[in-house]
Amino acid sequence: MPHSTAIKALGTGIKAIVWDIDDTIFDYATADTVGMRAHLDAEGLLDGFGSVEEALVRWRAATREHWARFEAGEADWEGQRRDRVRSFVGRVMEDEEADGWFARYLGHYEAAWSLFPDTVPALDTLADGYRHAVLSNSSLHNQDRKLRVLGVRDRFEAVLCAAELGVAKPEAAAFHAVCEELSLEPHEIAYIGDQPDTDARGAVDAGLSGIWLDRAELGGRPELVRITGLGQLPALLAGDTRFGAQSTFG
């Protein structure tokens, strides 16, 4: 007999959906891969690595390291960018040189920006039934511009980011900031993002309904509400739980 595919249900009375951006509605991983490949080629750095994939592994490791420092308050927004560049190239760089290197990378990265195919259909379907906002562990300058370039900024009544808030997900204060911005109680908001702990678990711990968007279908977190694509979100919010992660009940 096939296993049940019911998922853990959301709470009732959801009035607003708050969205993560990168790898949730925006295909960050693809843009990062395509952009870095083009940047390394333009900078003449490909010969310093065994392969483009090896270079990307190093870049992403530097990104994780210094992003964690930013989230912990150990580096500011500009500082984490500069330190990512220095770690990647493996040498001392003055701030101006590091800023220039990162700016050239951004040009290639931004040329590869795109929404996931299921983003606009989900936003269209949910437009009238819920209020919409963004909470991102980035900067407002970066994410507001990204949403405008991608043509969806007007879908969200508020965009809040860690750099301006001074606190990042999964801290409860980050989630409570968007509750205050919307003048809603935590239980009236569903938060959706691609990270099981930073997004879904953090939201739940802050009193919101957290949803893990598991596009890679990793599974393994039965305590979380999980979907594998945004096409499943409208039914989930409507109370239809006949899809998603494998149930632990029977």
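Author: What follows is a set of questions about the terms used for this predicted model, each answered from the values.

Reader: What makes α2 roughly antiparallel to α3?

Author: The axes of α2 (residues 52-71) and α3 (residues 77-89) cross at roughly 150 degrees and come within 9 Å. Angles over 145 degrees count as roughly antiparallel, and therefore α2 is called roughly antiparallel to α3. The crossing in which α2 passes α3 is right-handed.

Reader: Which residues make that contact, and how do they divide by class?

Author: On the side of α2 the contact is made by A55, R58, W59, A62, T63, E65, H66, W67, R69 and F70, and on the side of α3 by W77, Q80, D83, R84, V85, S87, F88 and V89. By class, the contact of α2 with α3 has nine nonpolar, five charged and four polar residues.

Reader: At what angle do α1 and α2 pack, and what is that arrangement called?

Author: Helix α1 (residues 28-43) packs with α2 at an angle of about 120 degrees, the axes being 10 Å apart. Roughly perpendicular covers 65 to 115 degrees and roughly antiparallel begins over 145, so an angle of about 120 degrees belongs with the rest, which count as oblique. The crossing of α1 past α2 is right-handed. From α1 the contact takes in Y28, A29, D32, T33, M36, R37 and L40, and from α2 it takes in V52, E53, A55, L56, W59, R60 and T63. These residues divide into eight nonpolar, four charged and two polar.

Reader: Why is the pair of F102 and Y105 called edge-to-face?

Author: A search of the whole structure finds 17 aromatic pairs. For F102 and Y105 the ring centres are 5.4 Å apart, and the planes stand at 70 degrees. Centres within 6.5 Å make a pair and planes over 60 degrees apart make it edge-to-face, so the rings of F102 and Y105 meet both conditions. The two residues are three apart in helix α4 (residues 95-111), which means that about one helical turn separates them. Both belong to one aromatic cluster, whose members also include F26, Y28, F49, W59, F88, W101, Y109 and W113.

Reader: How do you know that F102 and Y105 are buried?

Author: Buried means under 20% relative accessible area. F102 has 6% relative accessibility and so counts as buried, and Y105, at 2%, is therefore buried as well.

Reader: What makes the rings of F175 and Y191 an edge-to-face pair, and which parts does the pair tie together?

Author: Their centres are 5.2 Å apart and their planes are at 90 degrees, so the pair is edge-to-face. F175 lies in helix α8 (residues 172-182) and Y191 in strand β4 (residues 189-193), so that the pair ties together parts 16 residues apart in sequence. F175 has 0% relative accessibility and therefore counts as buried, and Y191, also at 0%, counts as buried too.

Reader: Which other residues of α8 are buried, and what covers them?

Author: Besides F175, the buried residues of α8 are A174, A177, V178, C179 and L182. What covers the buried residues of α8 includes β1 (16-19), β2 (131-136), β3 (158-161), α7 (162-165), β4 and α9 (196-205).

Reader: Why is S183 called exposed, and what is its phi?

Author: S183 has 65% relative accessibility, and because exposed means over 50%, S183 counts as exposed. S183 lies in the loop between α8 and β4, and its phi is positive, about 55 degrees, although S183 is not a glycine.

Reader: Why does N142 count as buried, and which residues does N142 touch?

Author: N142 is in helix α6 (residues 140-149), and because its relative accessibility is 15%, against a limit of under 20%, N142 counts as buried. Leaving aside residues up to four places away in sequence, N142 touches W77 and R81.

Note on methods: Residues are numbered from 1 along each chain as its sequence is written. This is a predicted model: local features need pLDDT of at least 70, side-chain atom pairs count only at pLDDT 80 or more; totals for chains, interfaces and linings use all residues. Side-chain values use heavy atoms; hydrogens and water are left out. Axes are lines fitted to C-alpha atoms, for helices over the stretch in contact, and angles run from 0 to 180 degrees between N-to-C directions. Helices (H or I, at least four residues) and strands (E, at least two) are DSSP runs, numbered from the N terminus. Angles under 35 degrees count as roughly parallel, over 145 as roughly antiparallel, 65 to 115 as roughly perpendicular and the rest as oblique. A crossing is left-handed if the near helix is turned anticlockwise from the far one by less than a right angle, and right-handed if clockwise. Contact means heavy atoms within 4.5 Å. Ala, Val, Leu, Ile, Met, Phe, Trp, Tyr, Cys and Pro count as nonpolar, Asp, Glu, Lys and Arg as charged, and the others, Gly among them, as polar. Rings of Phe, Tyr and Trp (its six-membered ring) pair if their centres lie within 6.5 Å; planes under 30 degrees apart count as stacked, over 60 as edge-to-face and the rest as tilted. Buried means under 20% relative accessible area, exposed over 50%, partly exposed in between (1.4 Å probe, protein chains only).
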